[in-house]
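Please have the sequence and the coordinates at hand while reading.

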Amino acid sequence: MAALAPRSKVMTEAAAAAAPEGLSPGTITDPGRLLTELRAEFSRLSEGAESDPFRNPILMLAHQLSRRLSAGEVSLSVLESVLQTLTVQAFHARARRLARYLGETDPRHNVETLKRLARQLSADADGNAVPFDEYRRRVEREWFGAVFTAHPTFNLSGELMHALVDLATNRGADGGPLDEEARDKLLALARSTHHKPDPMTLMREQELSQEAIINLHRALRRAHTAVLEVAEELYPQQWRQLSPRLVTIASWVGYDLDGRSDIGWTDTLQMHLRGHAQRLKLALDEVTSIRASALHQEKQNGEALAAALDRIAVRLRSGLDEVTDEITAFGRTEDEPAEVRARIGKISRRIVEGLPHRLTDSNTLIEALQGAIDAAKSSPIARRLLVLRAELANTGLGLSHVHVRINASQLHNAMRRTLGLEAPPDDPRYRATYMARIAELLSKVEAKRINFGSIMSERASARRLFMVTAQMLKYVDNTTPVRFLIAECETAFTVLSALYYARLFGIDGQIDISPLLETQKALEGGHRIIDQLLSVPAYRAYVRKRGRIAVQTGYSDAGRYLGQMPAAAAIERFKLRLAKVLKDHGMAGVELVMFDTHGESVGRGGHPHDLETALAYVNSPAAREALNRAGVLHKEEVSFQGGDGYLYYMSPPAALAALTRILEHVLASPPAATSDPYYRDSDYILELFSSVTQFQVELMADPDFGALLSAFAPNFIYPSGSRNMVRQRDEAEAKTVMVAAELRAIPQNAALQQLGVLANSAGGLGHAISRDPQRFAELYRNSPRLRTLMGIAEYALSVGSFDALRAYVETHDANLWLLRAGATAGGPWAERLSAVAAMLERANLHGAQERVVRRLYFDQLAARAGLDEIARDNGGLAGGKLLEGETRTSLDILHALRVALVLRLYELTTRVPDFGPQLGTTRDRTILRLLHLDIPGAVDMLEKIFSLQQPTRIEDFGEPSDYFGEEQHTYEAEHNEVFRPLRDHYELVRRIASAVTHHIGFLG
């Protein structure tokens, strides 16, 4: 077995240290020349790597470059220019990938496709027009829901997000093709800008999400227009009765409290008010525009129509004025508590007293619009009014539907005293008792009245969120239901607890309670949870009242705890079982809303091929077919997560393309899945994915894996959201190795991507295939479903690099630094290298990382053996073909640059001056933070300890002095030669992460 160990052992280190210099001698000042030499040298070092198990070209190139950096023969500014060139090239590659993902982006072609889809909805199996009522049923159905979340995947500035999308679509915001000058401006922006995200706050996240949502609204207007144009042609006497829906838009930005104590109830309310204001403004802008058109197009009654629209505009302006003051009042929470309470009390009284006159019911505007529709003689004007009516009917008085979210544990804590919970709700000793108690509570609960003061006094976060939701429904929009999501839900008790609070606060008729099933236990037993819920009369009555059952599945945590492919398979099995449960309970006429929460990354259920494949990955043809057979009306919902998810909607042409692909998917009949051997060979499939899951479960529990994740990779990337990506740890915990579960799914996946091993997407595959390689190969050839699932792993393997992973891990090996010191001619540099070795020996970071690298490498070797034959038969693996030719080399060079910078950072660390315990830290703790690349935190502390305070002017004291004590030392040398270089080198480390992200195509 030792022969299978990673090749970066001592002999690799020796090779790295002793390899002859390939970069030209002397100082290199030309960035173009340096990049050319780096590419050539990497090519030279890579020759024979397959036959030389001790050669690691990434580590060897990094060694050469770090020596040149240390010697001053390559300056940081030259390296920065090289990095910017590589980053821009990666940015171009990302734009091409996004273009492929979106498909057709010409607005004219997409509008024609929308009209074709509208005609498809109007036709029966023989191609004849269906009756109007049937067409109406089809176009007023909610087929799909797009949910915008604030997951921390913001890895570009807003300016670069727009540039990327414009390059991908080759179109400006008006939909017209970019001319040469416009493209040059975008390319110049990419070249001159640092590729990093804006500082992310909750407010900034909402701004970006609202921009994406508004663009999707504009695209949806064009889809609704196509529906109405077809209807006018086929049903000329009835078409004005239509209010198309097709797609709903929702957001949980500002409403997701799962794991977030930094979002207060006033933040949530303020976010809702901001969305309300945006909706009123959009409606007002459209009413104003329609009015101007009506005066020109409506020759006979243009003035009368304009007057009707003026009355609507007055109502909208009045609502805008009200909400602007309220946003300000609820947004100022930095004041003293007494001032906040007084201010909120004042605005609350105004809100309550003004309720009879507040605009809280979208039907008020819809009825007013109906008058204008009836008066309109021109079809184009009538269509625009009908589209606006549909928009208000669809999203009400908010910019989007609202999804609030809490964790199951928050609900359990809120219920603890009420029910006398002595153990977890799923404890078999108490489970039946707790279910009986909650059922009894539900049968007796009476609605309570609350006010804003009640919310301020409530300490339980779960109850507080129900109360805020009640106030939003009462005072902002009382016609549009709210989705209430419960994360990590594993029991029916949890859902019934939510129903209890919904009844307690009088909103059970206006919210859809949705358990989030994301753990192995929840996914395997999810159908039993729904079965148990439907056996409870109170829940059954609630479902009948609402007319729908809402369920959410999660790919992020499921992907890292089960493995991404087993997670997708488990979610599909849950849907197949759920179809039977709903049929057995006679739920005909009740809509199933299935919200699949996946991201754009292969680590979070985002298929890399294109949008159509991504949608089929999370909601398979077999699942759709099973629900259709069971007679279950179902709506698909998916999430678009953070910056990566918003990209599809950051321009009107991109949003129209994304919407068109979505409608093409959901309106097409799912391909027959019964002939797919994947479903016939279920025993083998279960064993295959159980093997992957076993590997992943053991990996997540392995403290060595935690050591690898926490070593430094989370610090490779810029903060990518308003939520902390890594749990904050105090100085006393600095030496404690993080367990993998402490790192959230997105930063964990991001760390693995930057290290070059996408374990959550491809880990365990070799272990699973090796059980029966021939059977796997045969099933792969014949099963479309298995090939779709495998696309995730194949792409993960293609963008990963074990040479990169080993190079990063070897930077923590004292042996490497001693060998490097031994390969020099002595002097100060050799002394610094030896000092790094001593630091690493004390830190003892390497051994655990090396063990987990071996575990992962064993698995990849087995996967490679199992997949090589398939690759030969198919001319390569489908997922691997998505990688452009130069991307692999560019990724490797980027890894080499970063390893070189890490080596240089560690050399600089040896120059940190000694100091006694100060400010709650010591030099050893500070060194450890630097070794983990917590550069900003460590250097901030060092700059306080060795401050640049100006010395006292000794000549001001009436007599001369030629004594200069320690306090007169300004530490300028330490700041200029150590602290500032540490920051400068580290900034390039993080900028490399942006380039790697561009090449891979997503973050986390």
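## A buried salt bridge and the basis of the values

K575 is buried, its relative accessible area being 2%, where buried means under 20% relative accessible area, exposed means over 50%, and partly exposed lies in between (1.4 Å probe, protein chains only). D596 likewise counts as buried, at 2% relative accessibility. The side chains of K575 and D596 meet in a salt bridge at 2.7 Å, N to O, the criterion being a side-chain nitrogen of Lys or Arg within 4 Å of a carboxyl oxygen of Asp or Glu. This pair links distant parts of the chain, with K575 in helix α23 (residues 564–584) and D596 in strand β7 (residues 591–597), 21 residues apart; helices (H or I, at least four residues) and strands (E, at least two) are DSSP runs numbered from the N terminus.

The model is predicted, and local features need pLDDT of at least 70, side-chain atom pairs count only at pLDDT 80 or more, and totals for chains, interfaces and linings use all residues. Residues are numbered from 1 along each chain as its sequence is written, and side-chain values use heavy atoms, with hydrogens and water left out.

## Further salt bridges

A search of the whole structure finds 67 salt bridges. In one of them, the side chains of E886 and R39 meet at 3.7 Å, N to O; because E886 lies in the loop between α40 (878–881) and α41 (887–909) and R39 in helix α2 (residues 31–46), the pair ties together parts that are 847 residues apart in sequence. E886 is exposed, with a relative accessible area of 53%, whereas R39 is partly exposed, at 24%.

A salt bridge of 3.4 Å, N to O, joins the side chains of R624 and E636. Since R624 belongs to helix α25 (residues 621–629) and E636 to strand β8 (residues 634–641), this pair ties together parts twelve residues apart in sequence, and both R624 and E636 are buried. Salt bridges that share partners also join E142, R245, R483, D512, R546, R548, E591, K635 and E637 into one network.

## Surroundings of D508

D508 is found in the loop between α19 (492–504) and β5 (511–517) and is buried, with a relative accessible area of 15%. Not counting residues up to four places away in sequence, D508 touches L499, A502, R503, Y542, K545 and R546, contact meaning heavy atoms within 4.5 Å.

## Aromatic pairs

A search of the whole structure finds 34 aromatic pairs, counted when rings of Phe, Tyr and Trp (its six-membered ring) have centres within 6.5 Å, with planes under 30 degrees apart taken as stacked, over 60 as edge-to-face and the rest as tilted. The rings of Y101 and Y648 are stacked because their centres are 5.7 Å apart and their planes are at 5°. This pair links distant parts of the chain, 547 residues apart, with Y101 in helix α4 (residues 76–102) and Y648 in the loop between α26 (642–646) and α27 (652–667). Y101 counts as buried at 3% relative accessibility, as does Y648 at 6%.

F776 and Y780 form a tilted pair, 6.2 Å centre to centre with 40° between the planes. These two residues are four residues apart in helix α34 (residues 773–782), so F776 and Y780 are separated by about one helical turn, and both are buried. Y101 and Y648 also belong to one aromatic cluster with F148, F154, F640, Y646 and Y649.
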